[in-house]
Amino acid sequence: MCLAGATGMAEAKPTSLYAPSAMVFSIAQGDDAAGATVLRAATLSCMPSAQGTHPDPKAACTALNSTGGSFDRLLAAPDVNRACPMHYAPVTVTADGVWQGSRVSWKHTFSNSCDMSATLNGGAVFAF
């Protein structure tokens, strides 16, 4: 019997009861996330507790949980009481990372910052 091969083998054990959720959000000037100029960014981790550089991580985690994993649900119908100029100065928002254990890479481009504000309609995720 030789036990030399068995020493040093680690048993795979989960380190947490929660699926990992760690995201990076950005707001960038331009219509191509790869070449756009990042204006602002924030990090967010929701499990086991809300934390990160996001100014209100608890509200952002709550908003993300309400999407059921479909980040397009962050977008609301634009506020009809808000008039935005018709000029094209694209702004792209992105969400990259891991959400509830699944890899996420999401982006949405708005025609300008007013359109972005009206469509996100005060949502917590991109309020940084």
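Predicted model: local features only at pLDDT ≥ 70, side-chain atom pairs only at ≥ 80, totals over all residues.
Local features need pLDDT of at least 70 and side-chain atom pairs count only at pLDDT 80 or more, while totals for chains, interfaces and linings use all residues. Residues are numbered from 1 along each chain as its sequence is written, and side-chain values use heavy atoms, with hydrogens and water left out.

The protein has two helices and four strands. Helices (H or I, at least four residues) and strands (E, at least two) are DSSP runs, numbered from the N terminus. From that end, the order of elements is β-β-α-β-β-α. The protein has 128 residues, and 32% of them count as buried. Buried means under 20% relative accessible area, exposed over 50%, and partly exposed in between (1.4 Å probe, protein chains only). A contact means heavy atoms within 4.5 Å. Among contacts between residues at least 6 apart in sequence, 58% join residues at least 24 apart.

Five aromatic pairs are present. Rings of Phe, Tyr and Trp (its six-membered ring) pair if their centres lie within 6.5 Å; planes under 30 degrees apart count as stacked, over 60 as edge-to-face and the rest as tilted. The ring centres of Phe 71 and Trp 106 are 6.2 Å apart and their planes meet at 45°, so this pair is tilted. Distant parts of the chain are linked here: Phe 71 sits in the loop between α1 (57-65) and β3 (91-99), Trp 106 in strand β4 (residues 102-110), 35 residues apart. Phe 71 is buried because its relative accessibility is 4%. Trp 106, at 11%, is also buried. Trp 106 also pairs with Phe 126, again tilted, at 6.2 Å centre to centre and 35° between the planes. Phe 126 lies in the segment after α2 (113-120), 20 residues from Trp 106. Phe 126 is buried, as is Trp 106. One aromatic cluster is formed by Phe 25, Phe 71, Trp 99, Trp 106, Phe 126 and Phe 128.

Phe 126 also lines the largest pocket. On a 1 Å grid over the protein atoms alone, a pocket is an open set of points where a 1.4 Å probe fits, with protein on both sides within 12 Å along at least five of seven lines; lining residues have an atom within 4 Å of a point. The volume of the largest pocket is about 160 Å³. Grid points are joined across faces, edges and corners, and a volume is the space filled by probe spheres set on the points. Other lining residues include Ala 63, Arg 73, Leu 120 and Val 125. The lining divides into six nonpolar, three polar and one charged residue. Ala, Val, Leu, Ile, Met, Phe, Trp, Tyr, Cys and Pro count as nonpolar, Asp, Glu, Lys and Arg as charged, and the others, Gly among them, as polar.

Backbone geometry was also examined. Most residues other than glycine have a negative phi, and most peptide bonds are trans. Met 47 and Pro 48 are joined by a cis peptide bond, with omega about 5°. Pro 48 lies in the loop between β2 (37-45) and α1. Gln 100, not a glycine, has a positive phi of about 50°. Gln 100 belongs to the loop between β3 and β4.
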